[in-house]
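These entries record what I looked up about cavities and the ligand.

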Amino acid sequence: MKYISTRGDKTERRFCEILLEGLAPDGGLYLPVTYPLVDAATLARWRGLPYADLAFEILSLYIDDIPAEDLCAITRRTYTAEVFGTAEITPIKVLEPGLALEALSNGPTLAFKDMAMQLLGQLFEYELKRRGETLNILGATSGDTGSAAEYAMRGKEGVRVFMLSPAGRMSPFQQAQMFSLQDENIHNIAIEGVFDDCQDIVKAVSNDLAFKRQHKIGTVNSINWARLLAQVVYYFAGYFLATKDGAPSLRSASPPPEGAAPAWGGPAPADLADWPKVSFCVPSGNFGNVCAGHVARMMGLPIAHLVVATNENDVLDEFFRSGVYRPRGSAETHETSSPSMDISKASNFERFVFDLLGRDGARVQALFKTALESEGRFEISASEHAAIAGYGFQSGRSSHADRLATIRDCKARYGVVIDTHTADGLKVAQGLREPGTTMLVLETALPVKFAATIVEALGEEPPRPAHLQGIESLPKRVQQMPADAAQVKRYIERHVC
Ligand SMILES: N[C@@H](CCOP(=O)(O)O)C(=O)O
């Protein structure tokens with residue numbers, strides 16, 4: 001499989017190249033030239049696989065520059081019951097018939113980010129060793145990516161992490177998870193600003209190609225295709241678990257009708273037409289998680305709807321309702337009780353718009369660079385807006401009051417305590433359920449990461465794993481600085497060999 005940029009550079013690159021490169025040189029994001037389509041026979045075969053082997057099958061469709069036996073060993077090393085708590089890796093918790101949570105937060109840092117980051121740690125280590133190179137990872141986090149990346153990369157040979165986070169805006173638990181790490185190769189930088197300022201710095205540094213090459217800068221955010229690819233796997237796993245008892249009889253595979261699909265993939269092959277459909281509701285900030293669902297759907301996984309759930313920072317909900325994309329500035333970005341989604345410029349949104357606009361890189365460049373820089377907004381045409389329905393997207397927003405009510409209701413009705421982001425997802429999902437279609441809400445994190453809001457909702461502390469007792473009082477290792485890419489670059493220069 002080869003990869004191209006969303007901004008018009010059609011140079012085709014291979015997986016390991018873009019794994020280390022992150023952002024494309026023209027400032028765009030990488031996507032595969034086509035989405036490989038799965039048919040009924042393939043889905044039927046995959047249904048019974050352990051998670052690690054399912055990951056291997058899916059990754060193999062996109063990675064042709066790592067030998068199969070090495071890739072298989074990597075996925076088997078990554079997705080183990082020891083690391084993710086259960087043999088299923090992403091079990092589902094049925095709340096009531098037709099409504100379930102997909103548990104994604106049983107990894108080392110108690111958030112769904114571990115699902116991809118543990119794999120990235122293995123892939124980086126493998127590829128760097130093979131090349132005899134080192135990598136300096138520059139990342140941005142609103143709370144969960146940072147700790148997942150640091151836990152996955154700590155102690156890894158040849159890898160250093162520089163993680164930018166918005167000063168004072170993450171929960172005390174999230175800050176403690178990151179800042180208590182004392183490893184030499186981990187650098188925490190608290191930026192005086194919001195997450196978008198951190199992400200802008202990552203992009204500014206990555207777009208300085210001379211600096212990027214000289215200091216071997218890579219990224220672990222979902223702007224890196226490898227992150228998304230790893231996340232595609234749990235849509236398939238969730239689908240199989242949700243349809244375990246309702247699998248249809250299988251027919252022999254037949255190719256999709258000619259002309260039914262755009263050149264880069266989708267819709268589902270005809271032989272999947274009578275497979276049950278599942279909808280996914282995805283709490284969304286940087287649009288990476290739900291963009292992985294878009295990729296799964298383009299591959300033919302029978303997904304009815306991909307529901308984008310935002311918090312009070314509702315730029316994406318506004319876009320899906322109106323066709324207007326108007327990212328907010330720092331002053332307009334609300335500090336909420338689901339802080340990991342306090343994001344107003346969702347990076348991966350560009351990937352979806354690239355597909356929506358017929359993969360017209362020049363148009364994407366005109367919208368995401370020219371229009372956003374000059375006018376701070378863009379609007380797609382009415383027919384383009386109407387076309388969104390064909391991609392299965394729906395959206396909704398949640399507020400602090402909704403979050404509290406949903407956490408209380410979920411505990412009272414189902415005996416399940418959920419975190420604030422998952423509550424945003426469940427709230428939006430409840431408003432968009434359809435009879436006969438199971439809705440899976442993707443769990444974002446465990447409630448202990450946002451204890452103050454859980455106490456506000458339920459009057460009780462959420463359960464905390466024994467090894468994380470007292471984490472907030474450990475010594476902290478963090479450097480604070482203004483939102484200034486030049487200062488971050490100087491810091492990196494001083495700390496790389
Ligand atoms: N919600 C994220 C923000 C970064 O998103 P990513 O998926 O691009 O890494 C966080 O918790 O840090």
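Entry 1. I listed the lining of the largest cavity and found 25 residues, with Phe112, Lys113, Asn286, Ser340 and Ile343 lying nearest its centre. A cavity here is a set of points, on a 1 Å grid over the protein atoms alone, where a 1.4 Å probe fits but cannot get out, and lining residues have an atom within 4 Å of a point. The elements giving two or more residues to this lining are α11 (225-242) and α12 (288-298); helices are DSSP runs (H or I, at least four residues) numbered from the N terminus.

Entry 2. I noted that this is a predicted model, in which local features need pLDDT of at least 70, side-chain atom pairs count only at pLDDT 80 or more, and totals for chains, interfaces and linings use all residues. Residues are numbered from 1 along each chain as its sequence is written, and side-chain values use heavy atoms, with hydrogens and water left out.

Entry 3. I read a volume of about 250 Å³ for the largest cavity, this being the space filled by probe spheres set on the points, which are joined across faces, edges and corners. I sorted its lining into 7 nonpolar, 15 polar and 3 charged residues, with Gly counted among the polar.

Entry 4. What takes up the space of the largest cavity? I found the ligand there.

Entry 5. I checked polar contacts (pairs of N or O atoms within 3.5 Å). A ligand oxygen lies 2.6 Å from a polar side-chain atom of Thr141, and a ligand oxygen lies 2.7 Å from a side-chain N or O atom of Asn286.

Definitions and conventions. A polar contact is a pair of N or O atoms within 3.5 Å; within protein, one must be able to donate a hydrogen and the other to accept it, and residues adjacent in sequence count only if both atoms are side-chain atoms. On a 1 Å grid over the protein atoms alone, a cavity is a set of points where a 1.4 Å probe fits but cannot get out, and a pocket is an open set with protein on both sides within 12 Å along at least five of seven lines; lining residues have an atom within 4 Å of a point. A molecule sits in a cavity or pocket if more than half of its atoms lie within 2 Å of its grid points.
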